[in-house]
Amino acid sequence: MSALAAALLAGCAALVGTFTAAPASADAVCSTADLPVLAGLLPMTVHGQYCAPAGTPSTTVQLLLHGATYNSAYWDLPYQPGQYSYQRDMAAHGLATFAVDELGVGQSSRPLSTLILGVFQASAMHQVVGDLRAGLVGGTHFDKVVLVGHSAGSAISIVEASTYHDVDGVILTGMSHLPNVPVVGADVALGLQPVTLDPQLSLRGGDPGYLTTRPGARGTMYYSPGDLDPGTVAADETYAKDQVSLTSLVDIISLGLVSPVSLSITAPVLLVDGTNDTGFCGLLRDCSSADALRAGEAPYFGPAADLHVYVLPGSGHAVALATNAPLYRDVSRDWLAQHGL
């Protein structure tokens with residue numbers, strides 16, 4: 001992006017409103033923001049939900065990026081928020097978060113699917129990082145920004161952090177650099193369909209290059225049988241299910257997971273996977289313990305990343321929505337505190 005475009009974007013004010021989809025916590029104050037970004041030369045908008053503790057705001061904000069076929073509700077599912085909401089849990093512990101709908105998803109801009117590339121997703125998040133530091137979200141000029149990704153959102157985080165070096169920490173979840181290709185291939189072939197065929201999302205008018213999960217498929221694709229609440233899966237299908245641009249997804253995976261670009265990350269990194277994440281663990285990547293996972297992933301990160309690893313026992317792919325998700329959030333907060341974030 002040119003310096004002129006960057007300056008223009010930095011001067012644009014966010015449109016902020018209230019949001020009450022999930023039962024509010026006494027410790028969380030949430031609002032929404034719509035931020036103008038450029039995707040290449042195309043003007044677009046990134047929508048997100050900002051949650052902060054009541055009272056004095058923190059000086060660090062976590063920028064939350066959801067996975068493919070999810071939207072920002074992944075981080076604040078309107079079902080038992082005290083158990084499953086990452087955003088409200090963090091606010092209750094004094095931490096601010098901003099969960100976005102990535103380009104092509106939810107209430108963010110949804111152009112033709114082929115117009116969205118992985119580099120555009122990373123560039124858009126770079127612009128959002130600047131907006132967070134400039135005080136355009138929640139009225140706070142944040143001193144530190146931490147990227148927190150899930151699955152494809154982790155891949156975007158890797159590309160953003162390794163390209164722009166503008167964040168102070170990176171938390172990656174639901175990913176590894178050696179996906180279990182047979183399982184992922186089966187999930188794509190059997191679990192996904194064009195959004196035009198989906199009874200829930202086709203009404204929004206997306207083109208066939210956008211994909212989503214088949215009705216009822218999320219429970220088997222994203223959860224481990226021994227670590228799920230049926231009510232969570234139902235809420236996931238209703239509120240968090242969304243679409244992903246196939247063009248964007250292929251680009252994100254090739255850039256963020258297949259290439260060695262993560263070696264260029266200069267901020268500390270925490271990696272979290274579920275022991276039963278069959279899409280990213282098993283065949284080529286051992287997630288049975290933190291030591292085993294770290295041994296496999298360490299070659300993909302440089303010394304500056306100071307890689308730390310945690311595995312959530314029994315969890316499937318959607319670690320934030322596992323029944324024992326509070327364990328992973330505790331580890332994330334401890335890691336943030338250890339790094340002064």
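Tutor: Let us begin with residue classes: Ala, Val, Leu, Ile, Met, Phe, Trp, Tyr, Cys and Pro count as nonpolar, Asp, Glu, Lys and Arg as charged, and the others, Gly among them, as polar. This is a predicted model, in which local features need pLDDT of at least 70, side-chain atom pairs count only at pLDDT 80 or more, and totals for chains, interfaces and linings use all residues. Residues are numbered from 1 along each chain, and side-chain values use heavy atoms, without hydrogens and water.

Student: How do the residues of the lining of the largest pocket divide into nonpolar, polar and charged?

Tutor: There are 21 nonpolar, ten polar and two charged residues in that lining.

Student: Which helix gives the most to the lining of the largest pocket?

Tutor: Helix 6 does, with six residues; helices are DSSP runs (H or I, at least four residues), as strands are (E, at least two), numbered from the N terminus.

Student: What makes helix 4 roughly perpendicular to helix 9?

Tutor: Helix 4 (residues 118-133) and helix 9 pack at about 80°, with axes 7 Å apart. Angles of 65 to 115 degrees count as roughly perpendicular (under 35 roughly parallel, over 145 roughly antiparallel, the rest oblique), where axes are lines fitted to C-alpha atoms over the stretch in contact and angles run from 0 to 180 degrees between N-to-C directions. Helix 4 is therefore roughly perpendicular to helix 9.

Student: Why does H308 count as partly exposed?

Tutor: H308 is in strand 12 (residues 308-312). Buried means under 20% relative accessible area, exposed over 50%, and partly exposed in between (1.4 Å probe, protein chains only). H308 has 31% relative accessibility, and therefore counts as partly exposed.
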